[in-house]
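This report concerns a single protein model and describes selected features of its fold and its side chains.

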Amino acid sequence: MIYPTRTAVIATAAGAPFALAFAAVEPGRWYLALAWPLLMILLCLFDAARGRATATAQVGFPGHAYVGETRDCTVTVSVDSRPRNAWVALQDSPLVSAEDDGRVRIPLESGRGAVFLSLEMLRRGVARFERLWLRWTGPIGFAWNQRTVELGATMSVLPDLRPVRDHGARIFERYALEGMIAQLSRGEGSDFDTLVDFRTGMDRRAIDWKQSGRHMKLLAKQYRTERNNQIVFAIDTGRQMCEPIAGIARVDRCVSAMLLTAWIALKLGDRVAINAFDSRPRVSSGLVSGSGAFAELERIAAEVDYSADETNYTFALTTLAARLTRRSMIIMFTEFADTVSADFMLRAVRRLVETHLVVVVVLRDEELEAIANAPPANADDVTRAITAADLLKDRRVAIGRLQHLGVHVVEAEYDKVSERLVQSYLDLKKRDLL
């Protein structure tokens with residue numbers, strides 16, 4: 001495709017008044033005024049002909065990236081006519097946001113050049129880039145030569161594993177250094193482990209009087225926390241969970257926190273399963289155990305999709321409860337913005353609490369809090385602040401009703417939810433509530 005540049009259009013428009021003035025002064029030779037636009041057309045055609053060349057473009061996409069991450073791809077261009085610059089425009093993808101909408105100028109030296117283009121991962125899935133558009137000018141700069149380059153490239157956008165990779169080992173080591181892992185293993189569980197000498201400060205009810213009489217000294221029973229507990233993650237993927245928070249969907253924030261907690265749970269010997277639901281159950285995995293099973297959980301987490309449906313808590317949680325044959329810890333990630341959806345959730349959770357240990361994880365709505373706390377400047381700000389305060393009040397009421405039912409609620413900022421959830425999981429395990 002060939003079309004004039006902005007420079008050619010401006011030059012043509014700038015000469016038009018002089019051509020009209022000449023035609024007005026010399027009406028008998030008005031046809032000479034057409035020389036200017038004809039000259040510009042010839043210059044554009046000459047520039048386009050000189051600029052025509054074989055051009056190629058390649059984009060080096062990373063093999064995979066994590067949602068919320070910013071990665072660079074390399075755009076390489078080669079044009080035989082050796083222009084000074086070339087411009088490329090990358091086809092957009094709903095999963096990836098490119099810097100400056102994918103448009104970038106590439107300085108060329110001897111017809112070749114390369115530049116980095118930043119890509120921000122917005123959502124999980126397979127991002128497809130079918131084509132890009134490449135254009136360059138001729139030696140005069142009056143005509144664009146444009147070409148469409150077929151790419152057919154794909155890039156996998158995976159759940160964010162950076163908390164597991166960067167913080168998982170550090171959190172595990174910190175709790176181990178503080179003695180919490182040892183306490184989880186021994187001393188506060190329900191399974192008998194061994195007999196130890198009774199020491200000051202130990203619970204007298206732990207004394208084994210029969211063995212103490214046999215050995216002529218006080219011996220106490222030491223217990224260890226039961227391993228092989230069932231930890232079930234239930235992820236709400238409905239409409240409200242797909243709303244972005246700090247540029248990333250809530251469900252993606254929750255998937256990252258889930259993977260970190262699952263990694264810790266597998267390290268401690270528990271069994272883990274993943275369930276996702278919106279208007280009906282979507283993903284349902286079996287229970288896995290052992291550190292080597294984390295790759296399987298990662299694959300299953302990548303299948304958790306986005307949805308625009310309203311969440312059906314009754315259908316999803318009833319189906320989940322029917323599949324569980326023993327007491328489990330159910331960690332549910334959800335979001336509720338009104339009393340109607342909160343009432344449906346409370347009715348469904350009330351049945352689960354009778355048999356299972358339920359933990360509900362919600363992200364703090366910092367946007368609503370900012371609107372409610374902002375000083376109003378006009379009447380519209382007052383209306384928005386009152387509405388936000390009412391929504392926050394309904395939210396606090398729903399959380400209070402959950403806690404009254406015996407549900408453990410974890411409410412945290414989006415960037416702290418992973419560590420808060422791990423801390424709550426270890427605390428509940430330490431108290432042997434399962």
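Predicted model: local features only at pLDDT ≥ 70, side-chain atom pairs only at ≥ 80, totals over all residues.

Residues are numbered from 1 along each chain as its sequence is written, and side-chain values use heavy atoms, with hydrogens and water left out.

**Sheet.** Helices (H or I, at least four residues) and strands (E, at least two) are DSSP runs, numbered from the N terminus. Two strands are taken to pair if DSSP finds at least two bridges between them. Gln230 stands opposite Arg271 in E16.

**Helix pair.** Two packed helices are described by the angle between their axes and the distance between the axes. Axes are lines fitted to C-alpha atoms, for helices over the stretch in contact, and angles run from 0 to 180 degrees between N-to-C directions. The axes of helix H8 (residues 313-323) and helix H9 (residues 339-353) come within 9 Å and cross at roughly 15 degrees. H8 and H9 are therefore roughly parallel to each other, a class that covers angles under 35 degrees. On the H8 side, the contact (heavy atoms within 4.5 Å) is made by Tyr313, Thr314, Leu317 and Ala321. The residues of H9 that take part include Phe344, Met345 and Leu352.

The structure holds 0 disulfides, a disulfide being a pair of cysteine sulfur atoms within 2.5 Å. Cys254 is in no disulfide, and the nearest cysteine sulfur, that of Cys242, is 11 Å away. The table lists residues that count as buried, which means under 20% relative accessible area, with exposed being over 50% and partly exposed in between (1.4 Å probe, protein chains only).

| Residue | Relative accessibility |
|---|---|
| Cys73 | 0% |
| Cys254 | 2% |
| Glu413 | 17% |

**Loop residue.** Glu413 lies in the loop between E20 and helix H12 (417-430). Leaving aside neighbours within four places in sequence, Glu413 is in contact with Leu363, Arg364 and Glu366.

Note on methods: Parallel < 35°, antiparallel > 145°, perpendicular 65-115°, else oblique.
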